[in-house]
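I opened this notebook to record what I looked up in the structure shown below.

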Amino acid sequence: MNVPLLDLNAQYASILPKIKQEIEKVFDSHHYILGPQVKEFEKMAANYCECKHTIGCASGTDALVLALKALDIKEDDEVITTTFTFFATAGAISRVGAIPVFVDILPDTFNLNPEKIEKAITSKTKAIIAVHLFGQPAEMDKIMQIAQKHNLKVIEDNAQGIGARFDGKVAGTIGDIGTLSFFPSKNLGAMGDAGMCLTNSDDLATKLFQLRVHGENPRYFHKWVGLNSRIDTIQAAVLKIKLPYLEKWSEKRRQNAKYYYENMTNIPQIKLPFIHEKAISIYNQFTLLAEKRDELLKFLRKNNVGCAVYYPKPLHVQECFANLGYKSGDLPIAEEIAQKVISIPIYSELTENMQDFVIKKIQEFYEN
Ligand SMILES: *Cc1c(COP(=O)(O)O)cnc(C)c1O
C-alpha cells in the first residue's frame, strides 16, 4: 500500500470535466483579467464565509500584503505575530517595511499564546496577525480583547482555515481583515496561485479593491501605491466549481481525524492534535507530536506513508530575520515543538484501510 500526504488525483477525479467546461468558457470569452467568474466566485466565497466583502487576489501572501497596506501599516510600525507559521505571515510584514514582533505559541494547539501578546506591545505596535494554524482558529476572543484594549488592528491569516470556526464565528471574519490562500494543497485549492481578503468593513473593502489594481480610482488616477494582484479569471473558474464541495471535504477530514483519535490510541510516544473547546478545525493538517520525530519521518517515508514537517524552524531564528536580534531560546515552546511535529495524511479521500496502514506503520516504528 501507498498512502500519500495528499492525493489531488483522487480529489479531481469526479469534478475535472466540470472544471474543464468552466475554463473553456474563459477561453471563449478571452476575459482573463477580472472576468465574470471572479465576481461569481467572490460572491460564493462571501456567502460561504458569512462575510460582507471578499476581494480575490493573486495569492495568500499578496492577501496579507494587501491587508497590511489597507490598514496603513508601514515603515517602522510593529506587527505582533506567531513565530510558528508559514513564512509568508512574517514575510508580508517585512514587505510593507514594518517589523515583525514574534510571540511564542501554546504547546497544545500550536497557536499564538494570547498571554504573551501584551508584553510584546510597544508604542510602535499597530497590529496583530493571528494565524489559524493547521485549520484550527487561534483564541480570537482573547486576541480581540487585547487588540481593543490597546487600539490595535487585527488581521487573521486564515490561509489554512477556510470554513473553520471559533465560538461559532467563521475564521477570517472576526478581525478587521481575514486572508485566504488557494494554494493547491489548502483545503480549497486552485490550479495555481490564488488568494483572497475578507472583511465586513465597507471602507476597507473599497480600499482593498483599489489596492489590487495599483491603488487606482478612477482608471489611471492613483490614490495609493498598490499592487498588481488580481485573482486570475481561470483560477476563479476552477474555484467556483470546487467551492460547493468544500464543506463535504472538510467534514470528511473531521471524520478521518475522529478515526485517528479512536484508533491511534496506545502509542505513548505520540500526542494527537488538541482542539480547543470553542474551535471547529478543518484539519488542513493532522499534526502529531512524536518522540524520535526525524527517525519516524524517515521510517514512514520508506514505508510509503506520506508525511512532512510543518515547520522545522520557527521564524524568529530564520537567517533573514537575524537583524531583528532574536536568539535561540527566546521562544522556547515553538523551538521545542518544531523538533517534534510531524503531519500525516488526513485528506478527504483517505479510506479506513489507508488510515489503518498509517497507524500500523507508526506502531511498528515504536515497537522496534
Ligand atoms: C499557504 C500560506 C500562506 C501563503 O499563501 P500563498 O497562497 O502560498 O501565497 C500564508 N500563510 C499561511 C499560514 C499559509 O499556510
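This is a predicted model: local features need pLDDT of at least 70, side-chain atom pairs count only at pLDDT 80 or more; totals for chains, interfaces and linings use all residues.

Entry 1

Entry 2. I then asked which strands pair with strand 4. Strand 2 (residues 78-82) pairs with strand 4 in the parallel sense, over 4 bridges. Within that pairing, I found Thr125 of strand 4 to be the bridge partner of Glu78. Strand 5 (residues 153-157) is also parallel to strand 4, with 5 bridges between them. Here Ile129 stands opposite Ile155 of strand 5.

Entry 3. I turned to the domain division, which gives domain 1 as 8-103 + 110-244 and domain 2 as 246-367. Their C-alpha centres lie 24 Å apart. I counted 40 residues of domain 1 and 33 residues of domain 2 in the contact.

Entry 4. The two domains bury about 3200 Å² between them, with 64% of this on carbon and sulfur atoms. On the domain 1 side, I found that Phe84, Phe134 and Asn187 supply 23% of the area buried against domain 2, more than any other three residues.

Entry 5. I searched the interface of domain 1 and domain 2 for salt bridges and found 1. I also noted a salt bridge between Asp141 and Lys278, whose closest N and O atoms are 2.8 Å apart.

Terms used: Residues are numbered from 1 along each chain as its sequence is written. Side-chain values use heavy atoms; hydrogens and water are left out. Two strands pair if DSSP finds at least two bridges between them. Helices (H or I, at least four residues) and strands (E, at least two) are DSSP runs, numbered from the N terminus. Domain bounds come from an automatic or database domain assignment. Contact means heavy atoms within 4.5 Å. Buried area is the accessible area (1.4 Å probe) that two parts lose on being put together, summed over both. A salt bridge is a side-chain nitrogen of Lys or Arg within 4 Å of a carboxyl oxygen of Asp or Glu.
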